[in-house]
Amino acid sequence: MVPLTPLHGRDSALLSLTSMLDAARAGHGGALLVRGEPGLGKTALLRYAMSEAGGFQVLPGCGVEPESDLPYAGLHRLLRPVARRLPELPELSARQAEVLRRVLDGEADEPGDRAVLLPAALLALLAVLARDAPVLVCVDDVDLLDAPSREALAFAARRLGGIGASRPAAGGLASVADAVSSGGGTAGGPGAGRDSARDEGEAVVILLSCGDDEALPPPGLPVLTLSALDDAACAEVVGQVAPVAVAEGVRLRLAAAAAGNPQAVTELVAALAPDQLGGVRPLPDPLPPCTRLQHAHLRQVRALPEQTRRLLLIAAAEDEMDTNLLVRAADEAGLDLAALEPAESAGLVRVGPAGVEFRHPQLRAAIYQTAPLARRRAAHALLARLLDESRHPLRRAWHRAAAGLAPDHELAEELESAAASARHRGGYATASAAYERAAELSTGDDGAKARRLAAAARDAWHAGRSARARDLLDRALPAAPGAAARGELELLRGDIDLRDGRASDAYEALLTAAHRLAPIDPELAVRAMMRAGEAGVYAGDHRRFLQVAAQAAPLRGAAVSPQATVMLDYLEALSAIFLGRFGAALAPLRAVLDGAPRIDDPSALIWASIAALILGDNAQGRVMAARAVALARGRGALTMVPKALEFSAYAEFWTGRHAAATANALEGLRAATETGQGNGACHHLAALALLDAIHGDEQTCRLRARTALDRAGLYGLGLPAALSTWALAFLDLSLGRHADAAGRLRGLARAGPGQGHMAVAALSVPTYVEAAVRTGASDAARAAFTTFEPWADSTSSPDNLALAARCRALLSEGGEAEEHFRAALQLHAVGDRAFERARTELLYGALLRRRRKRAEARAELRSALESFERLHADRWAEWTRAELRATGESARPRLTEPDGELTPQQRQIARLAAQGATNREIAAQLFLSPRTVEHHLGNIFTRLGVRSRVELANLLP
């Protein structure tokens with residue numbers, strides 16, 4: 001048979017099945033019952049066994065619900081392929097052959113046949129067939145077979161499994177205690193299902209599957225119980241079943257929504273268009289239902305008593321059904337709480353101190369969505385009566401709204417008020433849903449519906465649900481009653497495009513919003529102008545930024561709030577910098593740094609961080625960025641967290657804290673991906689590429705930089721494009737490819753909007769000067785330095801001034817060069833950037849070595865080497881060792897890290913590996929190559945003193 005596609009997360013289960021097949025080829029039979037909830041892959045495992053059963057006689061069968069009351073229907077379906085062979089089997093007794101003939105001919109059974117003769121006849125038939133070739137019997141959904149067929153198969157399986165029929169059987173489909181395996185593991189390891197104490201020589205394997213239901217027969221079989229897949233395995237399934245390459249954020253979203261169920265993954269992928277899977281178009285919110293999986297769940301629910309189903313519906317209607325509310329709800333409905341016991345016994349729910357927990361989200365959705373509307377409304381009305389308005393205003397209002405049908409002005413206002421309270425507590429997702437329902441209940445034509453839809457969209461965006469926010473915006477715009485309302489909606493659309501769309505589209509939407517709002521709401525118009533300016537910065541289009549700043553300036557008299565003042569100061573300061581008037585930027589930058597911390601807003605703190613770094617106040621820059629991250633998290637503003645982490649990473653990088661910058665960028669990449677912010681992920685990838693270049697990780701740097709450049713090119717993002725180009729140039733410099741590095745940076749300086757960025761081009765000048773001087777292009781290096789020197793001199797940052805002094809040293813001759821190097825090192829000594837200080841020491845040491853001042857050179861080079869090794873800058877450490885050897889000093893052994901000390905990237909890899917992710921899965925999440933992951937894991941094992949992933953999982957929390 002044709003091999004099937006891989007079954008992710010089921011390695012040990014597959015090993016168990018192949019071991020059984022191998023044992024059967026050697027003449028040793030076995031049996032196994034595979035059980036689990038719908039969609040976990042029972043059928044797939046049986047199909048896998050059949051695909052691996054080369055040389056076997058395969059007898060497939062399955063339970064069919066309409067035939068479950070038809071005696072022998074299952075055996076008739078199973079044995080029909082070998083019916084013609086009955087006359088050829090003289091080893092069967094006449095009585096056994098007659099019983100089998102009647103089954104296959106559909107005749108009625110005789111007393112005693114079902115209990116004794118038929119099971120024995122089936123086992124005898126399989127044993128006889130096995131003398132020609134091994135036999136594999138695969139019966140899916142055995143719990144749906146008719147009773148006689150199920151009993152006969154259970155008898156044969158017990159015999160082959162080595163468990164005698166006389167052994168007492170636990171009630172239901174309970175496994176034998178020493179054969180049970182949980183998760184994707186084996187039932188007793190290789191050869192599971194065969195009793196080593198018995199060897200009847202029957203080359204027959206019986207594999208059965210059934211639902212995860214303790215009450216179902218057959219009892220007394222070795223059992224393999226499937227559990228949900230982990231997120232990494234689910235993500236692999238997404239990639240396997242999707243017809244196109246799946247964007248990483250989409251992959252993670254689908255894996256989370258599937259809750260470990262591979263069938264749910266398959267259905268979700270099938271319901272999406274290729275451009276949605278690729279991340280070009282947003283995912284629907286909520287995601288489509290998994291109808292096949294829900295149907296499988298409902299089959300079990302329909303078998304429950306009526307009172308059980310009524311209680312399950314009440315539980316499904318409430319997200320926070322605690323035990324106290326459950327008891328009160330049952331009493332209010334006139335139901336006995338014991339009515340839930342059949343659902344618990346069937347494994348559909350668990351009832352504990354926290355309340356009712358459904359086995360799978362799709363089960364809960366199926367129970368609720370398929371219930372008649374009248375029953376759903378009754379459940380909500382009951383819950384609304386039980387909830388205290390003072391303690392649970394939103395939940396009570398929500399249930400009251402769900403119990404109603406017609407628009408209701410008073411109820412809409414109640415829901416809106418409760419939603420506002422939820423928002424203030426950081427519950428943006430809950431508030432969004434409440435605002436949306438309030439909009440649906442709105443009456444009249446006073447703009448209330450549009451206002452509530454706008455609020456729902458804004459909170460959906462803050463909750464990280466960008467697709468939902470876009471959908472709500474599309475519904476709100478036609479209902480918006482005036483220019484102010486439309487302006488607010490355009491402002492929100494621009495915000496979303498800024499983080500997950502084309503920068504030019506964001507700019508146009510935000511500028512349109514600003515023009516609508518300026519005569520009506522100057523404060524909000526300034527915010528729209530500020531966002532439009534940010535769109536210009538992201539695009540690398542400083543001319544657009546200057547235009548926005550010029551249009552915003554006249555609003556200073558009308559917009560007087562502290563936040564508007566800070567934004568106008570920021571626009572003024574950056575305009576002066578873009579125009580080269582650095583002195584004129586100092587006063588507004590200090591005003592931003594003084595005013596922003598009083599506003600208690602993450603965006604304002606980000607602006608303050610940027611202002612501090614430009615002014616050379618590095619410590620304050622880091623503090624402001626860290627506060628922005630903490631404030632965004634504390635408010636539950638998931639959409640703001642990646643942006644705050646982005647600038648925190650820049651602040652840490654700019655002040656020489658590369659480990660902290662890497663950790664922030666990795667966390668920001670994950671947060672941006674999870675919240676659907678493709679542009680934010682692109683910025684973090686570019687920052688990581690620059691850090692990879694510093695650390696000398698060539699393969700990872702190129703992969704991340706190219707990925708960021710591809711996104712930047714599609715969406716017109718000049719800032720990450722420039723950072724990625726700088727990263728590749730710096731990598732070239734570290735590899736001694738000076739001409740390539742200089743060429744990249746010359747191109748960056750000339751790149752237009754969407755491809756480059758003026759600020760990054762200026763900041764990369766020290767890199768260009770070094771590369772150009774090494775290629776003999778000193779005149780070009782001097783010309784570039786004229787754009788960097790005035791800015792560096794205008795700041796009080798010793799790090800910036802040190803880089804300027806280093807550039808002067810590289811552009812000088814004789815003793816003047818040494819003087820500039822010494823000046824640079826004096827400035828580095830009071831600065832923060834240890835990596836740049838080490839690079840200056842390397843360049844100075846190399847100059848001293850060429851001038852035969854070997855003792856002085858060794859002192860500088862030793863200091864540089866120690867810093868490079870501590871910072872994991874491997875390429876630069878290699879250059880430094882080479883220079884030391886050229887001075888006549890034998891290179892000492894490389895310093896090793898203390899046991900247990902990992903880099904931020906290694907910590908991320910270790911955490912994912914401990915959670916069970918494969919190398920490919922880790923590589924996909926962190927934008928690495930599998931080979932790089934393998935290399936890092938080797939170093940991780942060595943540093944932590946472990947030998948396997950199992951030990952790693954036990955070591956890490």
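Predicted model: local features only at pLDDT ≥ 70, side-chain atom pairs only at ≥ 80, totals over all residues.
Two strands count as paired here if DSSP finds at least two bridges between them.

**Entry 1: the whole chain**

I began with the overall tally. The chain holds 47 helices and seven strands. Of its 957 residues, 57% count as buried. I then looked at contacts with a separation of 6 or more, and found that residues 24 or more positions apart account for 70% of them.

Five of them form an open sheet in the order 2-3-4-1-5, with parallel pairing. At the edges I found strand 2 (57-62) and strand 5 (223-225), each pairing on one side only.

I then followed one pairing in detail. Strand 1 (residues 30-36) and strand 4 (residues 204-211) run parallel and are joined by seven bridges. Which residue of strand 4 stands opposite Val34? I found Ser209 there.

Helix 2 (residues 42-52) lies across strand 1, strand 2, strand 3 (135-140) and strand 4, and runs at about 165° to strand 3. Helix 6 (residues 147-160) lies across strand 1, strand 3 and strand 4, at about 125° to strand 4.

**Entry 2: helix 22**

With 18 residues at 1.5 Å a residue, helix 22 should span 26 Å, and its end C-alpha atoms lie 25 Å apart, which agrees. Is helix 22 largely enclosed or largely open? I found 13 of its 18 residues buried, so helix 22 is largely enclosed by the rest of the structure.

**Entry 3: aromatic pairs**

Rings pair if their centres lie within 6.5 Å, and by that rule I get 11 aromatic pairs. I picked out Tyr570 and Trp607, whose ring centres are 6.2 Å apart with planes at 35°, so the pair is tilted. Tyr570 sits in helix 26 (residues 562-578) and Trp607 in helix 28 (residues 602-615), so this pair ties together parts that are 37 residues apart in sequence. I looked up the accessibility of both partners. Tyr570 counts as buried at 7% relative accessibility, and Trp607 counts as buried at 1%.

My next pick was Phe835 with Trp876. Their ring centres are 6.5 Å apart and their planes stand at 80°, so I logged the pair as edge-to-face. This pair also links distant parts of the chain: Phe835 is in helix 41 (residues 834-850) and Trp876 in helix 43 (residues 874-886), 41 residues apart. Phe835 is buried at 2% relative accessibility, and Trp876 is buried with a relative accessible area of 4%. I followed the ring pairs onward and found that they link Phe730, Phe835, Phe868 and Trp876 into a cluster.

**Entry 4: charges over rings**

I noted two arginines here. Arg711 lies over the face of Tyr715, 3.7 Å from the ring centre. The charged end of Arg833 sits over the ring of Trp654, at 4.0 Å from its centre.

**Entry 5: positive phi in loops**

I turned to the backbone. Asp600 is not a glycine, yet it has a positive phi of about 60°. I located Asp600 in the loop between helix 27 (582-595) and helix 28. At 39% relative accessibility, Asp600 counts as partly exposed.

Arg852 also has a positive phi, near 65°, in a residue other than glycine. Its place is in the loop between helix 41 and helix 42 (854-870). Is Arg852 buried or exposed? I have it as exposed, with a relative accessible area of 66%.

**Entry 6: Leu340**

My last stop was Leu340, in the loop between helix 13 (323-332) and helix 14 (341-345). With a relative accessible area of 2%, Leu340 is buried, because buried here means under 20%. Which residues does Leu340 touch, not counting those up to four places away in sequence? I listed Thr308, Leu311, Leu312, Leu326, Val351 and Val356. I also checked Gln307, which is 33 residues from Leu340 in sequence and 8.1 Å away in space, C-alpha to C-alpha.

How values were computed. Residues numbered from 1 in each chain as written. Heavy atoms only, no water. Helix = DSSP H or I, 4+ residues; strand = E, 2+ residues; numbered from the N terminus. Contact = heavy atoms within 4.5 Å. Axes fitted to C-alpha atoms, helices over the stretch in contact; angles between N-to-C directions. Expected span 1.5 Å × (residues − 1). Buried < 20%, exposed > 50% of the residue type's maximum accessible area, 1.4 Å probe, protein only. Phe/Tyr/Trp six-rings, centres within 6.5 Å; stacked < 30°, edge-to-face > 60°. Lys NZ or Arg CZ within 6 Å of the ring centre and 35° of its normal.
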